[in-house]
Amino acid sequence: MTSSSSVPRLVVAAPSSGSGKTTVATGLMAAFAARGLAVSPHKVGPDYIDPGYHALASGRVGRNLDAYLCGPELVAPLFLHGARGADIAVVEGVMGMFDGAAGEGELASTAHVAKLLRAPVVLVVDASSQSRSVAALVHGFASWDPEVRVGGVILNKVASDRHEALLREALESSGVPVFGVLRRVEQVDTPSRHLGLVPVAERRADAVDSVAAMAEQVRAGCDLEGLMALARGAGALSCAAWDAAEVLGAAPPDPHRPERPRPQTPDGLKAATRSATQGRRELRDQPPPGPQPRTPVVAVAGGPAFTFSYAEHSELLTAAGAEVVVFDPLRDEQLPDGTSGLVIGGGFPEVYAADLSANEPLRKAVSALAETGAPVAAECAGLLYLCRELDGQPMCGVLDASARMTEKLTLGYRDAVAVSDSSLAVAGTRMRGHEFHRTVVEPGAGDAAAWGVRVPRRRLEGFVERGVHASYLHTHWASEPGVARRFVERCRTS
């Protein structure tokens with residue numbers, strides 16, 4: 001078994017969105033896993049949906065690598081954390097290969113992450129409307145940044161044998177080998193809606209079939225041996241793997257860091273909880289003197305309506321001493337026994353508004369918990385669920401606000417500062433977040449707001465009431481692990 005620092009790895013990139021990155025990356029994960037290999041799946045950027053397909057394909061937790069939310073310095077450690085025990089890692093890129101955070105150069109782009117991981121890139125090219133021009137396209141991407149190694153090409157949406165021959169002939173002089181040719185296959189398509197692909201949790205049986213089709217197409221059309229050889233050429237990484245228990249040991253209880261300087265641009269919740277358990281056991285081997293604190297139960301919303309969560313959040317909560325229990329607001333009429341804190345992440349409550357509203361016993365239980373002052377952390381979908389109503393359907397009524405669907409897409413990275421002390425952070429804590437929704441909450445902020453946001457315009461956002469912290473911003477707690485410790489400590493004392 002190779003060490004995680006030298007695990008073979010590939011980054012799957014493309015010239016633009018819609019080229020077939022998800023099909024190729026997911027298909028590669030499943031095809032390698034079918035060979036008996038332990039495959040570590042990763043996704044560049046803040047996307048929550050693709051990692052669900054990755055987890056289905058690989059049997060391991062899908063993890064995100066976001067150089068904006070977490071900082072470039074955490075990309076390799078988080079990768080090594082996810083890649084522990086893996087035989088190969090496949091990293092799906094985001095948008096076009098050189099597209100990063102707006103106005104930040106290469107920051108958070110696929111190319112940036114590939115350099116941070118010292119990983120070769122496989123470029124997926126939609127060849128449906130070109131022949132000889134493909135060589136110019138590939139040459140441009142391969143030569144644009146000498147620090148990015150484009151190790152090969154996979155041609156997607158190829159029409160015929162004749163079309164394939166023309167493409168291969170054109171690429172012979174490019175010096176970039178062709179590792180695969182994929183034809184149009186209808187059953188590989190996955191349904192989309194207003195925020196992208198439909199998550200695995202909402203279509204699990206069909207998703208299994210889609211992933212199987214991707215794997216078969218990749219297996220039949222790609223040189224898996226050649227791709228494995230390319231992956232073995234990745235450079236070794238010198239940093240240590242991220243560890244939830246270790247970073248919590250080093251983080252101050254109430255993080256109040258100055259703003260991080262702008263870098264120079266050079267359904268896995270349960271599995272995530274299990275992977276953090278070892279760190280807790282190590283901490284128990286050397287118990288502190290005196291009475292042991294109680295283990296608070298933190299309920300984490302899951303199920304089809306709440307599918308957006310970074311695996312590291314549950315790992316940090318577990319390492320901080322909590323027992324994480326996942327529940328489904330669509331089905332469960334009560335919170336888990338002993339719940340002393342609640343985390344409600346992102347998802348699609350607007351799709352399930354009627355069903356969420358119909359579960360009145362749970363709505364009342366959530367409201368009652370919030371009334372006690374217990375810590376409640378809600379992001380985006382969680383914010384909507386805590387409102388009085390969503391599209392006219394009664395919700396939990398924790399917040400004196402209403403939510404509704406709109407035609408406008410709100411999307412982008414955000415620099416934020418906590419403006420109120422809360423169960424997550426003290427005022428002044430700076431974090432980076434991401435917004436992605438087609439809803440609006442009125443009012444947009446409470447008397448005590450959660451965040452002050454600078455981009456794209458200065459505004460107050462979110463709500464802090466009693467133990468509740470509710471906001472549209474998705475944040476990655478690995479960037480500020482003290483928020484997990486603070487949340488768990490509040491669970492113990494509330």
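In β13, isoleucine 344 finds its bridge partner in alanine 378. The two strands involved, β12 (residues 339–344) and β13 (residues 376–379), run in the parallel sense and pair over three bridges; two strands count as paired if DSSP finds at least two bridges between them. Strands here are DSSP runs (E, at least two residues) and helices likewise (H or I, at least four), numbered from the N terminus. The model is a predicted one, with local features needing pLDDT of at least 70 and side-chain atom pairs pLDDT 80 or more, while totals for chains, interfaces and linings use all residues. Residues are numbered from 1 along each chain as its sequence is written, and side-chain values rest on heavy atoms, with hydrogens and water left out.

β12 and β13 belong to an open sheet of six strands, ordered β11-β10-β12-β13-β21-β20, in which the pairing is mixed. At its edges stand β11 (323–327) and β20 (463–465); each has a single partner strand, so one side of each lacks a neighbour in the sheet. On average, neighbouring strands of this sheet are turned by 15° against each other, direction ignored. Helix α15 packs on the sheet, where it touches β10 (297–301), β12 and β13, and its direction makes about 145° with that of β12. Contact means heavy atoms within 4.5 Å; axes are lines fitted to C-alpha atoms (for helices, over the stretch in contact), and angles between N-to-C directions run from 0 to 180 degrees.

As for α15 itself, the helix spans residues 482–493 and reaches 17 Å from its first C-alpha to its last, close to the 16 Å expected for 12 residues; the expected span is 1.5 Å times one less than the number of residues. α15 is mostly covered, with nine of its 12 residues buried (under 20% relative accessible area with a 1.4 Å probe, protein chains only; exposed is over 50%, and partly exposed lies in between). Among the buried ones are Val483, Phe487 and Cys491, along with Arg485, Arg486 and Arg492.

The other sheet is also open, with seven strands in the order β3-β2-β4-β1-β5-β6-β7 and parallel pairing. Its edge strands, β3 (63–65) and β7 (178–183), each pair on one side only, and the twist averages 25° from one strand to the next. β2 (residues 39–44) pairs with β3 over three bridges in the parallel sense, and lysine 43 stands opposite asparagine 64 in β3. Helix α5 (residues 133–143) packs on this sheet against β5 (121–126) and β6 (150–158), at about 150° to the direction of β5. Helix α8 (residues 224–231) packs there too, touching β1 (9–13), β4 (88–92), β5, β6 and β7.

α8 also packs with α1 (residues 21–34), at an angle of about 100° and with the axes 12 Å apart. That makes the two helices roughly perpendicular (65 to 115 degrees; under 35 is roughly parallel, over 145 roughly antiparallel, and the rest oblique). Leu28, Ala31 and Phe32 of α1 meet Leu224, Leu227 and Met228 of α8.

Serine 19 sits in the loop between β1 and α1 and counts as buried because its relative accessibility is 4%. Leaving aside neighbours within four places in sequence, serine 19 is in contact with Ala14, Val124, Asp126 and Asn156. Its C-alpha lies 9.4 Å from that of leucine 155, 136 residues apart along the chain.
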